[in-house]
Each structure stands twice: as structure tokens, then as C-alpha cells.
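Let's take a look at the pockets in this model. Have the structure open while you read.

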Amino acid sequence: MRKFYLVGFVFLLFFDTFGQMCFKFTTLSAMPFEFNVDWLIRIFSHYWAYLVMVGYSGAFITWMVLLKKAPVGPAFAASHLQLVTVMLVSVFVFDEKITLSHLLGAISIIIGIVFLALAEQRLHNKS
């Protein structure tokens with residue numbers, strides 16, 4: 001079962017991160033922002049917009065499968081690792097910088113997930 005969770009969360013992180021990256025590429029491809037029909041046409045004329053749908057659909061399906069088996073609390077917390085993966089991938093793909101506040105936020109997310117996982121394991125061992 002542990003392997004199921006690990007593989008599932010890797011897929012979830014992949015699809016979430018992929019969706020976010022494609023979302024940014026869609027935004028950059030449709031510039032400049034104008035709230036009109038031409039702007040909407042520019043959005044949907046780029047394949048990035050359709051890859052966003054693939055990423056979010058994959059994340060949704062993966063999340064639904066995981067929720068059938070995984071405890072909700074730790075699973076929900078672990079799903080927020082995508083904030084960290086998006087930040088890391090953005091450094092390489094978009095040449096974005098990691099600030100101290102970004103780094104502290106990422107570390108806080110990771111520590112919180114570890115604590116929740118340990119607490120869940122402790123509860124599981126007691127029962």
C-alpha cells in the first residue's frame with residue numbers, strides 16, 4: 001500500500017506541476033492581456049491551453065483514486081507539495097528566483113507534511 005501512495009503522489013505532483021507550467025506558458029503566449037474576444041482566441045489558439053486541461057484532468061483523476069485509499073489529512077497536506085515542485089521547476093524553466101520567503105515557505109510545507117505523516121503513522125500503530 002505504501003508503494004501505491006508513493007506512486008500516486010508522484011503522479012499527482014507531476015500532473016499538478018505540468019498543469020501549472022502549461023498555464024504559465026498559455027499566459028505568456030496570449031499576451032498582452034486584454035479582456036476581449038481576441039484575447040480569448042489567442043489563448044485557445046495555442047496548444048498550451050489544451051495541455052493545461054490534460055494536466056488538470058490527470059491531477060483530478062489521480063487525486064480521486066488516491067482519496068479512495070489514502071487518509072484525507074496527510075493526503076491533503078501532501079498534495080500541497082505541488083507548490084514546492086512548481087517553484088523548483090520555475091527556476092529552471094522560467095529563470096525565476098527563489099527568495100528567502102519562498103524558501104522558508106517551501107521548508108514549512110515540507111515540515112508540516114512530515115509532521116502530519118508521522119502523526120498519522122503513530123495513530124495507525126496505536127490502533
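## The largest pocket

The largest pocket comes out at about 760 Å³. Of the 20 residues lining it, Arg2, Tyr5, Phe9, Pro74 and Ala117 sit closest to the centre. Helix H1 (2-29), helix H4 (72-79) and helix H6 (100-126) each give two or more residues to this lining, and H6 has the largest share with 7 residues. By class, the lining splits into 15 nonpolar, 3 polar and 2 charged residues.

## The second largest pocket

Next up is a pocket with about 170 Å³ of space. It is lined by 14 residues, and the closest to its centre are Leu83, Val86, Met87, Glu96 and His102. Here helix H5 (81-93) and H6 are the elements giving two or more residues, with H5 giving the most, 6 residues. The class count is 8 nonpolar, 4 polar and 2 charged.

## How it was computed

This is a predicted model, where local features need pLDDT of at least 70, side-chain atom pairs count only at pLDDT 80 or more, and totals for chains, interfaces and linings use all residues. Residues are numbered from 1 along each chain as its sequence is written, and side-chain values use heavy atoms, with hydrogens and water left out.

A pocket is an open set of points on a 1 Å grid over the protein atoms alone, where a 1.4 Å probe fits, with protein on both sides within 12 Å along at least five of seven lines; lining residues have an atom within 4 Å of a point. Points are joined across faces, edges and corners, and the volume is the space filled by probe spheres set on them. Helices are DSSP runs (H or I, at least four residues), numbered from the N terminus. Ala, Val, Leu, Ile, Met, Phe, Trp, Tyr, Cys and Pro count as nonpolar, Asp, Glu, Lys and Arg as charged, and the others, Gly among them, as polar.
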